[in-house]
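Biologist: Before we go through this model, could you take me through its pocket and some of its strand pairing, and state the cut-offs as you use them?

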Amino acid sequence: MVITSRTRMTAGALILALLTIVSGPAVAGDLIRLFGEENVGTTSGLFLRIPVGARAVAMGKAYNALAQDGSAPFWNPAGIVRTPGLKNFFASHVAYTADIDIDYFAFHRRGQNYGMGLSMGALRSGDILRTTEFHPDGTGDTFNANQFFLGFTLARAMTDRFSIGGTVKYFQENLDEFQIQSVLGDLGIFYYLGWGDTRVGFSVRNFGTEMKPDGSPADIGSTVSKDFQSFPAPTVGAFGAARTWHLGEETSLVTAMDFSHPSDYKESFHLGTELGLRERFFLRGGFETSRDEGGLSGGFGVHLKRKGFFLKIDYAYNDLGNFGGIHYLSCDLSPLFRLKDPNAWRRRNR
């Protein structure tokens, strides 16, 4: 496909807009504050930042330019038009710290130059023992702290190299009798540079209005104010680049790097690698900077490609320092039986 001057101008304008959002808080309405390390603990809904997908976690979360699977709605919604099959099913489970379970599910379908999808995530705390000033060991009652979101994604491939996408999602947090509700958005850009399969990705995730709790506290024998403070959304801007290096006929090496700028923490770099053997077995490693402790990650994957489907099963381990190690497991399924050429997706993404 020929890239016209108009397409280049459109791509340039969109990239400039995202960079303005990420780096220009005064111009972008303070969407992402410039000095995030000065705003630690000032945002709500941090569940929305917990990473999705074992492959992404194993590669140090350097995934903005690699999101071409079922986790794309989370990392970069522009990637859903780059998946192998016309349909894609994705599921991820995380056994998080403090006995918290996190699950993520996504489905999307694409055509030649468009894609749309649905996604949902849920955090379940389990039963938490209620304590009060007069009952520090517990009252005998329990409560829950659960969160979930539902998202709808649209994406379009402007050319064979350039695609854009966006997600609108509804977020809700339930903490005992309190509740937070908000509508948030994500924007993403995906672009192949034309040098091998080198690509770059831009995204701004979780931007929207401020979040404010609502509800009545349980009767715990003390007076609690019902005038709650509102907090900004957990917005983060990111830029990433990735490339595949072919070391032999059956061996490949993927390298990726991301720069992440949260609104309430200092910037960080994410580095990741993936060694592929016969396009079936994969070993991965990654590292995240700006962490007070932990930051290393690793994992492996097994990909099974048959005439009718493409199945990926991935595992990751992430070191969180004193919080211990976190285990991630994900499964990605792309039916291929309706494709005229099941290998077309591979040539299309090079």
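Biologist: Which element gives the largest share of the lining of the largest pocket?

Modeller: This is a predicted model, in which local features need pLDDT of at least 70 and side-chain atom pairs 80 or more, while totals for chains, interfaces and linings use all residues. Residues are numbered from 1 along each chain as its sequence is written, and side-chain values use heavy atoms, without hydrogens or water. A pocket here is an open set of points on a 1 Å grid where a 1.4 Å probe fits, with protein on both sides within 12 Å along at least five of seven lines, lined by residues with an atom within 4 Å of a point. The largest share of that lining, three residues, comes from β12.

Biologist: How many residues line the largest pocket?

Modeller: L46, R49, I50, K61 and Y96 lie nearest its centre. Elements giving two or more residues to the lining include α3 (72-75), β6 (145-157) and β17 (325-335), where helices (H or I, at least four residues) and strands (E, at least two) are DSSP runs numbered from the N terminus. The number of lining residues is 46.

Biologist: Which residue is the bridge partner of L271 in β14?

Modeller: β13 and β14 pair in the antiparallel sense over eight bridges, pairing being at least two DSSP bridges between two strands. They form a hairpin with three residues between them, and R278 in the turn has a positive phi of about 60 degrees. The partner of L271 in β14 is F287.

Biologist: Which residue in β15 is the bridge partner of F281?

Modeller: β14 also pairs with strand β15 (residues 296-305), in the antiparallel sense over seven bridges. In β15, the partner of F281 is V302.
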